[in-house]
Amino acid sequence: LFDALSLGTRDYLAKCGFRSAVLGLSGGIDSAVVAVIAANALGPENVLGVSMPSPFSSQGSVDDAEALAKNLGIEYRQIPIRDQFESVKKSLQDAFKGRPEDTTEENIQSRLRAVTLMALSNKFGHLLLTTGNKSELAVGYCTIYGDMAGGLAVISDVPKTTVYDLARWINREREVIPKASIEKPPSAE
């Protein structure tokens, strides 16, 4: 399966005229598996992984994203979105008055990440890879115009249980994907 996903990714990018890819690195298992597939398919020198910490981000997730990028030898950038998030929240303050924070704010975070990643895609000519798996898509655990934004959904046909199997297979000889990325529970972080 890993080889098929890698070959499919490489062929799709070539068919569309891309030689490089960008993706968000959340520190979670899905983005980690997609990053490994991309590095294998395109060569690590052709992959940009971006961590975008926000008020919902844990330091552990940021550290796991950076460790993964280092293990893969891909380019890594950290572009915090806290200021943008606070600005959007402030602009909606009157409209949301009297209502508690909920998934709305988490979805704003996801959409700000998509804006950031698409800007990098446009500026540098990378294809944006999405990181949602089949299980998330089936139950709607994803954000329209957020984590669904991109040109190729690499693992969109792979159930979450298989994503875990792939991660363990990838780590069979050495720790490529940080152990915490595999063991922590999924979140909207």
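What radius of gyration would a compact globule of 189 residues have, and what does the protein chain have? The rule puts a compact globule of this length near 16 Å, and the protein chain has 16 Å, which agrees. The structure is a predicted model. Along its principal axes, the C-alpha trace spans about 50 × 35 × 30 Å.

The protein chain contains 8 helices and 5 strands. Their order along the sequence is α-β-α-β-α-β-α-α-β-α-β-α-α.

Burial and surface were computed next. Of the 189 residues, 44% count as buried. The protein chain exposes about 10000 Å². Carbon and sulfur atoms supply 52% of that area. Charged side chains comprise 20 positive and 23 negative groups. The centres of the two sets lie 3 Å apart.

Gly60 is found in helix H3, which covers residues 59–72. Its relative accessibility is 37%, so Gly60 counts as partly exposed; this class lies between the buried limit of 20% and the exposed limit of 50%. Gly60 and Ile170 are 110 residues apart along the chain. Their C-alpha atoms are separated by 21 Å.

Technical notes:
Residues numbered from 1 in each chain as written. Predicted model: local features only at pLDDT ≥ 70, side-chain atom pairs only at ≥ 80, totals over all residues. Heavy atoms only, no water. Helix = DSSP H or I, 4+ residues; strand = E, 2+ residues; numbered from the N terminus. Rg over C-alpha atoms; globule rule 2.2 N^0.38 Å. Buried < 20%, exposed > 50% of the residue type's maximum accessible area, 1.4 Å probe, protein only. Areas by Shrake-Rupley, 256 points an atom, 1.4 Å probe, with all protein chains shown as cover. Lys, Arg positive; Asp, Glu negative; His and termini not counted. Charge placed at Lys NZ, Arg CZ, Asp CG, Glu CD.
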